[in-house]
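Walk through this structure with me.

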Amino acid sequence: MAHAYTPGLKVIPCTLLKKKRVLPIPGKVLVDLGREVEASDIVAQTELPGKVYPVNVANRLSVAPDEIKNFMVKGEGDTVTKGEIIAENKPFVKWFKTAIESPVAGTIESISTITGQVMLREPPKILPLPAYIKGKVVEVHEGFGVTVETEGTFIQGIFGVGGETSGEIEVAVKTPAEDLAPEAVKDIHRGKILIGGRHAGLSTIKKAVATGVKALVVGGIHDRDLRELMGYDIGVAVTGTEKLGITLIITEGFGSIPMAEYTFKLLASRNGEKASVSGATQIRAGVMRPEIIVPGYPRNVTECKKEQGRGWIEPGDPVRMIREPYFGVIGTVKALPPELTVIGSESHARVLEVELAAGEVIMVPRANIEMLEK
Amino acid sequence: MSDKDLEVIVATDCGSTTTKAILIEKKGDTYRQTFRGEAPTTVEAPFEDVTKGVLNSITEVEELSGRRLLDGEKIITPNEGNTGADIYVSTSSAGGGLQMMVAGAVKAMTGESAQRCALGAGAIVMDVLASNDGRADHEKIERIRQLRPDMMLLSGGTDGGTITHIVELAQFLKAADPKPRLGASYKLPVIFAGNNKAQQQIKDILGDRTALIITENIRPSLERENLMPARHKIHDIFLEHVMQQAPGYPRLMKMVGAPIMPTPAAVGMMTEKFAKAKNFNVLAVDIGGATTDVFSVFSGVFNRTVSANLGMSYSISNVMAETGLANILRWLPFDVDEQDLRNRLKNKMIRPTTIPQTIEDLQIEHAVAREALRLAFDQHKSLAVGLKGVQQERSISDAFEQTASGQSLINLMRLDYVIGSGGILAHSPRRTQSMLMMIDAYQLEGVTRMAVDSIFMMPHLGVLAQISEKAALDVFYNDCLVRMGTCLAPRGLAKEGQLIMEWEVKVPGEKNLSGELRFGDIIHLPLEAASAKLTAKPVKGFDMGAGSGSRVEADIEGGVAGLVLDGRGRPFELPKARAKRMDVLNKWYKAMEMYPG
């Protein structure tokens, strides 16, 4: 049977998930193998070295670099407070005395007799690493972190902004085709993962931020609103570190696009349950999509799916068009003709025939569809 | 391996979006590219292994050629009858390419040399640090901490000169303790290519914190640049450290019969070989999904720049951010709602492998491409300055002049040949689309021959040139370059409709072509002949390369698009008024037969 490779986002009611949680630099692992952890538990932590401030003592005292040790009041490894004198000269006339104060609180890291620079380092900052998902520690990466495993619902979005967070899922619309209006965001949604339908405008997103909603998941947003929210245009899709006061995930794309029914129903089936959410997106090497993870089985599911999606498409599969002129339209694959076909732009491309709900059959480049879960 | 043993070659290029495979076979005395296949690059889940895309693309070649090349996941070597290949080679730009940070003592001297060295090796330069780069010292340290390059090139000072600046930079580097981009557990490779008298101090400072490699100074004296030893080290480290960390690359490295090259380094190699063989001034561009590379050879001097975030898919939104919506909209002969355009471009960014299905969508991509090409070319012009490239001589006064005036080596009037590659130029449904996109973006002047690398074969051929230069050049001339034709664009300005040039083209064995060019018009004529003689007589105030009003005779070539006489003047500006702009765009696109209808 004909089939074609196609990327698709994962929307799985229940699957075995493993999350590798590692520090950016070596540190200390705080949990043991086999331990059950909550999403907010700290599993590892490290000290991020403090910022470094160079001070050119030789220049400031007008002495040669190899002489500066004679004028240092503090030595390598000494702690200093902000404004404390670290070096001074000893002139015969007191008026000509020059004293150099430390611009920061920290320690003297090094004194160079080649350059005449003194390096001061601020105290280290503690970097805690939370488990992010509720589950069991199944692997310890010595000095770096752990792998946490859980069985649960796994939904990938297409794009997100904002980092990791967690909270209870709250579906705020009745259908996946309904827009999330600002009035629909209420005080009771504080701390929640709010699920909208087709679209959320800037006023809705702002209201959600003001209300203290942890994360907002909708079908689409307008790029113009995102720009307003961020204060700049996102040039390349590398996100996750934004400090917007909310994590925002879109499941379908930019514009006003109903959330896929399957995704919406799955999220609705986990209404009221605690989820872990990340908006981090990286559409380059090591591709990362935003995600929603709800540990545990949905009510009607008794067994976890073992297969991770087959990665290709066959006749009968439901698909969504992801480019104009059919952007957002859903249909079923009818045929996968192998030969190159001339499309509307006059390009030669591999295509597939898609049957729409009304029975109409359209021709679409294979590159312009996305597989949907049955 | 000798050419005698080399009869069947498989080559792939793993791009950030697509992996492309080609089959090259020796037919008589000449190598020809015979079949090609492509597949999406598989760095994304569920595969996260670049070799899957490689195997998929080779499978397509197998299916089309009937030659069995794969035994499971292995390439069959050597070739026997209708099975196997003698060698498999590959380039790669997937995984974000090679990302480097460079440092030099003085920004316009060793800083610039270090930048050219890294760019020539095929790297993306994330930042250039220098003692006089205008940033406070703590800002430099913070910048080193933030960026996570694949490797760093540290230069500074002439041999035997002062060591203070370079030691200071090394101390900043040590204090910042930077981490490599891929894999937190290995040390960041740092290449030191600065003052040879500072080597011991650099070892003492960085020896235990980084994977330090010491090589020859890239600027042994103010008058001399020596980039090759450091470039070789960059390639070595790219293979030994960086590639080992990327998904699936350790497996790919075991499959190839020659070292994997960064894609831009391979394209640069082919550009240089072509320019040298023909004695041309050449401009080559590769516009990809994430980045746009520009290569130039002027008077034998090679330069390369890469615009890391100007591309047609992953970076399409950044083109919009950098140039502004108005500059994209100005190329469209129809109205588009701003919100709709923004959403479309963002949707391309988040689903980078989709392709335009309608003419309108295609025209939007062509508009973005013009801007990406233009911005990347501007960056190229600003770096391809003063120096004479890899091994060059210049006096101190030249160096000062360079920083003061920033004289670019790029002279459009002296440019002989433009080669376009990358999906948007090479896969355009009509060749005239690629031709006008490049004419618009570069504002070509005088007489310029133009070609496209139809299936983006320059990377494959560049890496193949390591094994067999003959095979690479054979395929380059016969199968890679698709001649588009020649652009004739007089420099000068006049009133619309005014006569600006008379011209005549003599084609051997065919009827001569001749006519007049009026200001504001584009004339597009079919011309397929590989060579023809042009006589152009611009009116006073217009220049075709010999000065205002001076007659020019030149060899030109025809091709799949033909002859384009661009009478829009230089410098070229689009009308500001919307209606007028749309009128002229429609007129020009119609003259070029760019779009149906």
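Thr247(A) counts as buried, because its relative accessibility is 4% (buried means under 20% relative accessible area, exposed over 50%, partly exposed in between; 1.4 Å probe, protein chains only). This is a predicted model, where local features need pLDDT of at least 70, side-chain atom pairs count only at pLDDT 80 or more, and totals for chains, interfaces and linings use all residues. Residues are numbered from 1 along each chain as its sequence is written, chains are lettered from A and ligands numbered from 1 in the order in which they are written, and side-chain values use heavy atoms, with hydrogens and water left out.

Thr247(A) sits in strand E19 (residues 247-254) of chain A. Helices (H or I, at least four residues) and strands (E, at least two) are DSSP runs, numbered from the N terminus. A polar atom of the Thr247(A) side chain lies 2.8 Å from the backbone oxygen of Gly163(A). Beyond four places in sequence, Thr247(A) touches residues including Val161(A), Lys214(A) and Val277(A); contact means heavy atoms within 4.5 Å.

Now the chain pair. Contact joins 60 residues of chain B to 60 residues of chain A. Together they bury about 5400 Å², with 55% of it on carbon and sulfur atoms. Buried area is the accessible area (1.4 Å probe) that two parts lose on being put together, summed over both. Ile350(B), Arg351(B) and Gln357(B) supply 15% of the area chain B buries against chain A, more than any other three residues.

In one salt bridge, Arg323(A) meets Asp361(B) at 2.8 Å, N to O. On the side of chain B that touches chain A, the elements giving two or more residues include helix H11 (338-350) and helix H12 (359-383) of chain B. H11(B) gives the largest share, 10 residues.

Chain B itself divides into domain 1 (3-94), domain 2 (97-250) and domain 3 (266-386 + 408-591); the bounds come from an automatic or database domain assignment. The centres of domain 1 and domain 2 of chain B are 35 Å apart, taken over C-alpha atoms. Their contact takes 8 residues from domain 1 of chain B and 5 residues from domain 2 of chain B. About 500 Å² is buried between these two domains of chain B. The salt bridge count there is 0.

Terms used:
Salt bridge = Lys/Arg side-chain N within 4 Å of Asp/Glu carboxyl O. Polar contact = N/O pair within 3.5 Å; in protein donor to acceptor, adjacent residues only side chain to side chain.
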